[in-house]
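I opened this notebook page to record what I looked up in one chain. The entries follow the order in which I worked.

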Amino acid sequence: LKKTLKSLIGVEILEKNSNEIILANILDIKNISLIDTLRRMDNNARSMFDDIEDCFKNKKMTQKQFSDIYETDYDINRYYFLFWRITISGLKEPYLLNKLKMNSVELMNLWWLAQNLEKLADELKRIARTFLDVKCSDTEKLLKIFQAIKKSYIDAINSYHKKNVSLAHSVTSKKIDIMEGCNEIVSRTRKAGINLIAER
């Protein structure tokens with residue numbers, strides 16, 4: 001229970017004994033900016049992209065690098081749980097939407113984006129774990145595809161914040177080329193580590 005509580009922002013242990021743990025929710029929704037929370041998740045995701053890109057370039061990952069990536073993913077999870085709690089509260093108690101300065105559709109759109117950022121971070125963590133566990137010496141093609149994905153991610157987030165529809169469409173148009181590049185690697189190599197990363 002205590003380990004789980006560490007992943008929840010704004011929940012504190014008030015009292016504990018052998019039979020019970022008493023908690024307090026000290027989160028004040030009025031002081032929460034979901035856009036700022038989303039930007040924190042985004043900054044953490046970019047950090048994961050940068051760390052893994054360095055590993056591709058160096059053709060190896062250290063335990064320290066993996067630990068850093070793992071901790072960054074954990075932070076993203078904490079922010080996502082915060083999003084989830086606020087979204088549930090906003091839908092159950094509509095007066096909170098006024099405090100958040102958004103309507104229910106805007107709230108759900110933000111939650112959906114936060115959920116996808118959390119899923120992205122999970123996949124980046126799994127790529128890092130594969131890199132740590134399996135020797136991947138031939139990474140040049142994977143590096144190029146990974147850099148294309150990283151650029152698409154940054155463009156997608158920027159298109160959201162800037163409300164740039166044409167940039168969003170240009171990101172979407174690159175998806176097929178990226179998928180074909182990954183499929184080509186899977187079909188042409190017999191190296192398990194390379195295949196696992198390409199599949200991710």
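The entries below go from the whole chain to single side chains.

**Entry: overall layout.** I note at the start that this is a predicted model. I counted the elements and found nine helices and two strands. I then read them along the sequence, and the pattern is α-β-β-α-α-α-α-α-α-α-α. For the extent I took the C-alpha trace, which spans about 55 × 50 × 20 Å along its principal axes.

**Entry: surface and burial.** I looked up the accessible surface of the chain, and it comes to about 12400 Å². Carbon and sulfur atoms account for 52% of that surface. Of the 200 residues in the chain, 39% are buried. I also checked contacts between residues at least 6 apart in sequence: 71% of them join residues at least 24 apart.

**Entry: nonpolar patch.** I searched the surface for nonpolar patches and noted one of about 370 Å². Leu1, Ile13, Ile21 and Leu23 make this patch. I followed up Ile21, which sits in strand S2, residues 21-25. Ile21 has 30% relative accessibility and so counts as partly exposed.

**Entry: helix H9.** Which residues of H9 are buried? I list Gly193, Ile194, Asn195, Ile197 and Ala198, within a helix that runs over residues 192-199. I then asked what the buried residues of H9 pack against. The partners are four helices: H2 (34-58), H5 (104-133), H6 (140-162) and H8 (175-188).

**Entry: Thr87.** I placed Thr87 in helix H3, residues 63-92.

**Entry: charges.** I counted 34 positive and 27 negative side chains in the chain. The centres of the two sets lie 1 Å apart. A search of the whole structure gave me 11 salt bridges, and I went through several pairs.

**Entry: Arg46 and Asp42.** These two form a salt bridge, with the closest N and O atoms 3.0 Å apart. Both residues belong to helix H2; they are four residues apart and so separated by about one helical turn. I checked the cover of each partner. Asp42 counts as buried because its relative accessibility is 5%, whereas Arg46, at 24%, counts as partly exposed.

**Entry: Arg200 and Glu123.** I found a salt bridge between Arg200 and Glu123, the closest N and O atoms being 3.3 Å apart. Arg200 lies in the segment after H9 and Glu123 in helix H5, so the pair ties together parts that are 77 residues apart in sequence. Arg200 has a relative accessible area of 48% and is partly exposed. Glu123 is partly exposed as well, at 26%.

**Entry: Glu184 and Arg188.** The side chains of Glu184 and Arg188 meet in a salt bridge at 3.4 Å, N to O. In helix H8 the two are four residues apart, and so about one helical turn separates them. I logged Glu184 as partly exposed, with a relative accessible area of 36%. Arg188, at 65%, is exposed.

Technical notes: Residues numbered from 1 in each chain as written. Predicted model: local features only at pLDDT ≥ 70, side-chain atom pairs only at ≥ 80, totals over all residues. Heavy atoms only, no water. Patch = residues over 30% accessible without salt bridge, like charges linked within 9 Å, V, L, I, M, F, W, Y side chains within 5 Å. Areas by Shrake-Rupley, 256 points an atom, 1.4 Å probe, with all protein chains shown as cover. Salt bridge = Lys/Arg side-chain N within 4 Å of Asp/Glu carboxyl O. Buried < 20%, exposed > 50% of the residue type's maximum accessible area, 1.4 Å probe, protein only. Contact = heavy atoms within 4.5 Å. Lys, Arg positive; Asp, Glu negative; His and termini not counted. Charge placed at Lys NZ, Arg CZ, Asp CG, Glu CD.
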